[in-house]
Amino acid sequence: MVTNLTAVLQDMDRKHHIHPFTDSKSLNEKGVRIITKAEGCHMWTSEGERVLDGMAGLWCVNIGYGRKELADVAYQQMLELPYYNTFFQTSTQPATELSAKLAEITPEGLNHVFYANSGSEANDTIAKMVRWYWNTKGQPKKKTIISRVNAYHGVTMAAASLCGLFGMHPQFDLPLQGFVHADCPHWYRFGGDMDPEEFGLQAARSVENMILSLGAENVGAFIGEPIMGAGGVLVPPASYWPEVQRICRKHDVLVIADEVICGFGRTGTWFGSEQLGIDPDFMTIAKGLSSGYQPISGVMIHDRIADTLVDIGGELQHGFTYSGHPVASAVALENINILQREGIVDKVGAETGPYFQARLRELVDHPLIGEVRGIGLMAAVEIVEDKATRKPFDGSKNAGMLVREEAWSRGLLVRATGDSMVMSPPLVMTRADVDELITALTQALDAAEPILRG
Ligand code: PXG
């Protein structure tokens with residue numbers, strides 16, 4: 001039953017609201033779901049449904065919903081100084097303190113931060129900084145950035161060009177010139193009969209082949225998510241990243257780690273780079289930086305780059321009105337303090353992450369599941385028609401969407417990327433929450449199976 005409030009809001013939304021990554025016409029026929037409140041790992045709709053948020057919003061609410069400390073910090077900062085910029089020889093206490101905190105918690109050498117408001121803006125900033133760096137170095141041809149098939153880096157012109165989800169390009173005549181895509185290191189889909197580690201090396205070599213065919217003198221940087229998120233939680237073989245890192249150093253190609261999803265504890269360490277063997281020159285941070293309580297992102301810059309840019313780069317002709325916004329910075333700082341104080345990252349690494357991954361791996365025996373993959377509290381289970389051949393269901397069956405809806409009707413929100421069910425719950429998830437998720441997901445798969453095979 002749709003209540004009056006829901007119907008009124010749905011009608012308003014239909015008339016006035018254009019949604020991201022949404023077919024407005026079909027949404028308008030169905031009507032939006034209105035989320036009204038959330039606490040911990042659960043949220044409620046305007047129809048009173050209680051749903052376990054298996055996605056932490058959009059991979060971002062790391063400390064969970066309803067943390068009063070963040071509301072208090074935002075309120076106090078708004079009273080004291082709701083806004084000031086960081087442009088003209090000014091800063092604010094929260095922006096400066098957050099910068100020092102970020103230098104402390106990010107990997108060795110990443111000691112400088114530039115602030116933006118979203119992951120897309122941060123990646124756009126890096127695309128410009130790569131150009132700035134090589135121009136400063138007197139190598140103006142060294143500009144092409146290599147990304148990867150299935151990568152997600154955002155939606156602004158440069159960030160969307162970096163994306164290797166190619167459906168995002170035709171509407172906007174993208175990618176821009178100077179953005180290319182190497183192979184995706186997902187063994188299950190692309191590795192065939194190969195040994196996974198050998199496949200990892202082969203995928204890394206596709207980066208080197210691209211550098212060689214373009215000419216290293218024309219390649220400025222390589223960008224990658226430590227573990228691809230929106231592309232379907234694609235975990236590369238252990239051999240992949242160290243080899244990519246070696247290849248990039250050999251050819252003097254900068255390494256950009258996009259930690260927008262992997263950062264701030266998602267993988268069970270503070271940053272994915274630490275676990276996967278990445279030594280980035282630039283690191284993109286957003287989402288878990290503030291647990292989504294405020295929009296804020298940043299570009300972490302390694303000393304070896306910052307030295308050049310700061311000493312000889314001259315005035316940076318780039319910046320956002322809200323770069324280092326004091327309220328967002330204060331909230332991010334308190335968010336990091338909570339992650340530290342409560343040992344949340346360690347708990348994901350040692351306890352809830354391994355438990356979640358172990359319980360999910362029980363689904364390997366489910367007749368619909370071809371692969372279970374993930375690290376820490378990010379994971380995916382991939383639905384296939386035939387486990388032996390890894391053959392997917394015909395696209396017209398919309399297997400992923402079907403399971404997503406079956407899960408929702410059992411009080412669980414998970415995302416479908418194609419036919420992979422993707423999960424990224426709040427990091428404060430308990431074992432009981434994990435069990436609730438597994439039960440609902442298993443029931444959803446059981447309910448979907450006869451429909452898919454019918
Ligand atoms: N890099 C990565 C790795 C991301 O996952 C961005 C950059 C861009 O961040 P902003 O803040 O500009 O959105 C992201 C964002 C999905 C989905 O459907 C994923 C993201 C955003 C929207 C939807 O999985 N990731």
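The legends below describe close-up views of a predicted model.

**View 1**

**View 2. The hairpin of strand 1 and strand 2.**
Strand 1 and strand 2 (residues 42–45) run antiparallel and are joined by 4 bridges. Among the facing residues, Ala38 stands opposite Met43 of strand 2, and Glu39 has His42 as its bridge partner in strand 2. The turn leaves 2 residues between the strands. Gly40, in this turn, has a positive phi of about 65°.

**View 3. The hairpin of strand 2 and strand 3.**
Here the pairing is antiparallel and runs over 3 bridges. Trp44 has Arg50, in strand 3, as its bridge partner. Between the two strands lie 4 residues. Gly48 sits in the turn and has a positive phi of about 85°.

**View 4. The pairing of strand 3 with strand 13.**
These two strands pair in the parallel sense, over 2 bridges. Asp53 has Leu413 in strand 13 as its bridge partner.

**View 5. Helix 10 (residues 240–250) and what covers it.**
Which residues of helix 10 are buried? They are Tyr240, Trp241, Glu243, Val244, Gln245, Ile247 and Cys248. The cover over these buried residues includes strand 5 (144–148), helix 9, strand 7 (219–224), strand 8 (254–258) and helix 11 (272–276). After helix 10 comes Asp252, with a positive phi near 55°.

**View 6. Glu208 in helix 9 (residues 196–214).**
Is Glu208 buried or exposed? Glu208 has a relative accessible area of 10%, which is under the 20% limit, and therefore counts as buried. Leaving aside residues up to four places away in sequence, Glu208 touches Ile247, Lys250 and His251.

**View 7. The lining of the second largest pocket.**
This pocket has a volume of about 710 Å³. Its lining comprises 26 residues, and those nearest the centre of the pocket are Thr86, Val113, Phe114, Leu316 and His318. Helix 5 (93–105), strand 4 (110–116), helix 6 and helix 12 (303–312) each supply at least two lining residues. Strand 4 gives the most, with 5 residues. By class, the lining has 14 nonpolar, 11 polar and 1 charged residues.

**View 8. The largest cavity and its lining.**
Rolling a probe the size of a water molecule over the atoms shows where empty space is left. In this model, 1 cavity of 30 Å³ or more is counted. The largest cavity has a volume of about 30 Å³. Which residues line the largest cavity? Its lining consists of Ala127, Val130, Arg131, Lys143, Ile145, Gly178 and Phe179. Helix 6 (residues 119–136) gives the most to this lining, with 3 residues. Sorted by class, the lining has 4 nonpolar, 1 polar and 2 charged residues. Helix 6 also supplies at least two residues to the lining of the second largest pocket.

Technical notes:
Residues are numbered from 1 along each chain as its sequence is written. This is a predicted model: local features need pLDDT of at least 70, side-chain atom pairs count only at pLDDT 80 or more; totals for chains, interfaces and linings use all residues. Side-chain values use heavy atoms; hydrogens and water are left out. Two strands pair if DSSP finds at least two bridges between them. On a 1 Å grid over the protein atoms alone, a cavity is a set of points where a 1.4 Å probe fits but cannot get out, and a pocket is an open set with protein on both sides within 12 Å along at least five of seven lines; lining residues have an atom within 4 Å of a point. Grid points are joined across faces, edges and corners, and a volume is the space filled by probe spheres set on the points. Ala, Val, Leu, Ile, Met, Phe, Trp, Tyr, Cys and Pro count as nonpolar, Asp, Glu, Lys and Arg as charged, and the others, Gly among them, as polar. Buried means under 20% relative accessible area, exposed over 50%, partly exposed in between (1.4 Å probe, protein chains only). Contact means heavy atoms within 4.5 Å.
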